Amino acid sequence: MSYNTSINVSHDAVAVKPERGNMLQSHGSKEHPLPQDSEENRGSIGGQSSTSVVDQVRSPADDAGVTSSSTICPAPVCRQFWKAGTYTDELSSKSQQPNGRNYLHVHPMFLHSNATSHKWAFGAVAELLDNAVDEIQNGATFVIVDKITNPRDGTTALLIQDDGGGMDPQAMRHCMGFGFSDKKADSAIGRYGNGFKTSTMRLGADVIVFSRHLKNQTWTQSIGLLSYTYLTRTGHDRIVVPILDYEFKTSAGEFRSLQDREHFKSSLSILLEWSPFSTEAELLQQFGDVGQHGTKVIIYNMWLNSDAKLELDFDSAAEDILIEGNIKKTGSKIVNDHIASRYSYSLRVYLSILYLRIPETFKILLRGKVVEHHNVADDLMHPQYILYKPHAAGSEEALVVTTIGFLKEAPKINLHGFCVYHKNRLIMPFWEVISYSSSRGRGVVGVLEANFVEPTHNKQDFEKTVLLQKLENRLKEMTVEYWSCHCVLIGYQVNKKPRLQIPQNVRPAGRQAVSPPPGFKAVFPQGNLTSLPRVSAEPVLLEKRKEHPDAIASAVSKRKVGNDGFTVPGQDRVEQFIRGSASQSQDIEIVKLMEKNKKLRAKCLDHKVRSQNLEIKAMNLRSELEKAKSEYERLMVELQDLGLVKGEHRRNVDT
């Protein structure tokens, strides 16, 4: 879509007149007509105060006009993220002296130091996708992650776009500010009002945001620029964020600025000089594929690694984004190709497991191809469902069902750990809760959703609390218990403690020598079996049963009478041990555990079905609510029209 625009500069507003009929086009080919509501049914948002949390400081350079004299969008002084955190603001002639106002200014260096919370670039990308997923409740059906080209200099930029509810002018300022969050729902992933700044500044030095919002028949669109390059190159001592706000006027058939002329020109001049777009028309064209509502984020001047290459690799895979230099081929092919190894460098793989559940109506499109959702629990064989009730200070905090099992590739693969989610979002992928000095735990993987512990700000770890420590201890126990009961199913053997070895030449004093039971080798030659402690005799019998089952059977038939016709001392104890062997008791315990797990699995499936039914009912109710709202608005319009007709009728009667 393209705009045919004319700019009318007046004392009140800057108007942009779009050509009707070619106004809007959403993602794809579906057209969205403009709202045709009357002027009196809409309230103007009004201009924004310059004393908002995001300082919009004017400078002499801000009055240079509404077009940019620069032909190239400047790049940051340092292109490597981990070295870009220091600069001097001595060049600034705009340093503000104390003016008596009780406000704290935020220095631009905070943008960089704040972004260092993201050690991993994919964690920053996931933070931006969380904003789109939170918009599902507002009707979002897709989020796009793709590579685009900066029109200024031809460099690579990152695009993230969704068709959610978008942001009005106030929400745009909250997005650019710090600590503002209107996500009050328990299911919302975002919480702290800081993720947008940390994630965008971690991926690139600059970001420009386009957002269109429709509410109460008022249609607005805003453009905001957060530029670390602009702030550092001009030596600002505080964060300056230029924002343009427009509202569509149905009566005039055009967008009009909501800001005064001086404020508008000041913000526009900064945008045209430091953004990828050199004219206002180019800025407005970016709304062409946004539709009636949605948000488009463009991150440019992306950071380089130590080899002067883009940290995010867009060229090695046409349908994926990789982390340059993170691919490690250290194990076998089956290990290297497994999802547990690839998620660390492949964005497509990471996004496939990023959310535990995703609605069928919502799609993640990476480089033009839909990301297929993947549930790690589907990769497990011999799965078991274990109920865990964490407690703190004597009170029950939550109820967690953990799915645990062996990877289908076991025992050929030694990967292990737990995928821990929080409010549907993956926080710790394949968390290794136990260190394995032997093969114990090899191939054991679990999946759980732990909403009772709080994630850190970067959503890549949990806060170190007592509850987390208890969870870690319980997961260790689960791993050991599961391994001990099921390792034989994939070819492993349970490691047994070595039996007590006593030298053959040791002869207990004061004991009479007797012959051992038929079929058993004497452990203590010329020793008395009846006088031996139980701990020294039973492991020997257990070992012999394992090695010579035929000899054990023969001994059972002969053990009542010895070779000399006399009763063998200790025969009752030997017979009791054989009948109640550790192997038989273990089999009984396994059967009990399996029966218990079957019951838990049935409960879990029932809970899942109920949850799905509730989600469907909630979706239907939301749909009915929207229809009711639309019908209510239509009836209100008719009521107003009837009021006008009645008034006109009375005037005619009176005349």
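**Figure 1. Helix H4 and its buried residues in the predicted model.** Gly195, Phe196, Lys197, Thr198, Ser199, Thr200, Met201, Arg202 and Leu203 are the buried residues of H4. The model shown is predicted.

Figure 2. Strand S9 covers residues 294-302. Because 9 of the 9 residues in S9 are buried, the strand is largely enclosed by the rest of the structure.

**Figure 3. Pairing of S9 with strands S4 and S5.** Strand S4, made of residues 156-162, pairs with S9 in the antiparallel sense over 5 bridges. Within this pairing, Ile299 of S9 stands opposite Leu158. Strand S5, residues 204-215, also runs antiparallel to S9, and 8 bridges join the two. Gly294 in S9 is the bridge partner of Arg212.

**Figure 4. The largest nonpolar core.** This core contains 97 residues, and those that touch the most other members are Leu158, Ile208, Ile223, Leu283, Leu312 and Tyr350. Helix H2, residues 121-134, makes the greatest contribution to the core, with 9 residues. At least three core residues come from each of domain 1 (108-334) and domain 2 (375-490). In soluble globular proteins, nonpolar side chains tend to be buried together.

Figure 5. A second, separate core has 29 residues, including Ala410, Ile434, Leu468 and Met478.

**Figure 6. The whole chain, for orientation of the close-ups.** The chain holds 15 helices and 20 strands. Of its 655 residues, 45% count as buried. Its accessible surface comes to about 34,300 Å², and carbon and sulfur atoms account for 52% of that area. Taking contacts between residues at least 6 apart in sequence, 69% join residues at least 24 apart.

Key: Residues are numbered from 1 along each chain as its sequence is written. This is a predicted model: local features need pLDDT of at least 70, side-chain atom pairs count only at pLDDT 80 or more; totals for chains, interfaces and linings use all residues. Side-chain values use heavy atoms; hydrogens and water are left out. Buried means under 20% relative accessible area, exposed over 50%, partly exposed in between (1.4 Å probe, protein chains only). Helices (H or I, at least four residues) and strands (E, at least two) are DSSP runs, numbered from the N terminus. Two strands pair if DSSP finds at least two bridges between them. A nonpolar core is a set of buried Ala, Val, Leu, Ile, Met, Phe, Trp, Tyr and Cys residues joined through side-chain atoms within 4.5 Å. Domain bounds come from an automatic or database domain assignment. Contact means heavy atoms within 4.5 Å. Accessible areas come from the Shrake-Rupley method with a 1.4 Å probe; for residues, only the protein chains shown count as cover.
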